[in-house]
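Take a walk through this protein, from its overall build to single residues. Keep the sequence beside the model as you read.

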Amino acid sequence: MVTAPRFDAALAALVGGGVAFIVVGGVAAVLGGAPINTFDVDIVPARDDANVGRLLGALASIDACYRDLAGSVIRPDAAGLRGPGHHLLLTQHGPLDVLGTVGAGEDYAQLLPDTELVELGPLTIRVLGLAGLIRTKEAAGRPKDLLALPIRRRVLAERG
């Protein structure tokens with residue numbers, strides 16, 4: 001059981017496994033300078049067969065399974081990861097959400113133009129920029145996302 005999430009270790013497994021992915025959600029906002037709390041790391045991976053294979057390998061290396069209140073150990077599979085759905089996983093490094101699409105159904109290829117490369121210690125990761133985060137959160141329209149929008153907009157305005 002993980003006592004404190006190690007997002008850097010989960011991301012290192014993905015980078016080390018050669019997985020093409022974009023960090024979105026709260027971790028992306030924090031890396032973009034927004035002072036918010038987050039309890040998991042959200043990624044949108046490329047969903048082509050080769051990348052899904054690399055993703056499965058990386059997920060296996062960090063013992064990923066679906067978060068299940070009943071305690072069942074259910075592992076992700078290629079068929080599921082190729083789809084647009086959300087996979088809420090628990091790893092040895094903490095919660096990891098693998099999202100097929102975000103916002104108004106945007107996938108890896110659609111988000112790619114709004115990303116930036118960010119150095120996180122020895123890692124270089126692709127992160128959705130604040131403008132992209134704001135757009136996808138507005139499109140999702142969930143109350144918890146809408147509440148955080150003023151903070152993200154303020155940081156984006158301050159960054160120019």
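Predicted model: local features only at pLDDT ≥ 70, side-chain atom pairs only at ≥ 80, totals over all residues.

Helices here are DSSP runs of H or I with at least four residues, numbered from the N terminus.

Start with the overall plan. The protein has 7 helices and 7 strands. Read from the N terminus, the elements run α-β-α-β-α-β-α-β-β-α-β-β-α-α. The C-alpha trace spans about 40 × 35 × 30 Å along its principal axes. How does the radius of gyration sit against that of a compact globule? A compact globule of 160 residues would have a value near 15 Å, and the protein has 15 Å, so the two agree.

Next, look at how the chain is packed. Of the 160 residues, 44% count as buried. Take the contacts between residues at least 6 apart in sequence: 58% of them join residues at least 24 apart.

Now go inside. The largest nonpolar core has 41 residues. Leu 11, Val 23 and Ile 43 have the most contacts within it. The largest share of this core, 5 residues, comes from H1. Helix H1 covers residues 7–16. Its buried residues are Phe 7, Ala 9, Ala 10, Leu 11, Ala 13 and Leu 14.

Which residues does Leu 11 touch, beyond those up to four places away in sequence? Phe 21, Val 23, Val 41 and Ile 43 are among them. Leu 120, Leu 123 and Ile 125 are touched as well. Just after H1, Gly 18 takes a positive phi of about 70°.

Ala 20 lies in the loop between H1 and S1. Is Ala 20 buried or partly exposed? Its relative accessible area is 24%, so Ala 20 counts as partly exposed; the buried class ends under 20%. Leaving out residues up to four places away in sequence, Ala 20 touches Pro 45, Ala 46, Asn 51 and Tyr 108. Its C-alpha atom is separated by 12 Å from that of Leu 56, which is 36 residues apart from Ala 20 along the chain.

Asp 77 sits in the loop between S3 and helix H4 (78–81). With a relative accessible area of 43%, Asp 77 is partly exposed.

Another aspartate deserves a look at its backbone. Asp 63 has a positive phi of about 55°, although it is not a glycine. Where is Asp 63? It lies in the loop between helix H3 (49–61) and strand S3 (65–66). Asp 63 is partly exposed, with a relative accessible area of 40%.

Finish with H6, residues 130–140. Leu 130, Gly 132, Leu 133, Ile 134, Thr 136 and Lys 137 are buried there. What do these buried residues pack against? Two strands take part: S1 (21–24) and S7 (123–128). The helices are H2 (25–31), H5 (108–111) and H7 (143–159).

Definitions and conventions
Residues numbered from 1 in each chain as written. Heavy atoms only, no water. Rg over C-alpha atoms; globule rule 2.2 N^0.38 Å. Buried < 20%, exposed > 50% of the residue type's maximum accessible area, 1.4 Å probe, protein only. Contact = heavy atoms within 4.5 Å. Core = buried A, V, L, I, M, F, W, Y, C linked by side-chain atoms within 4.5 Å.
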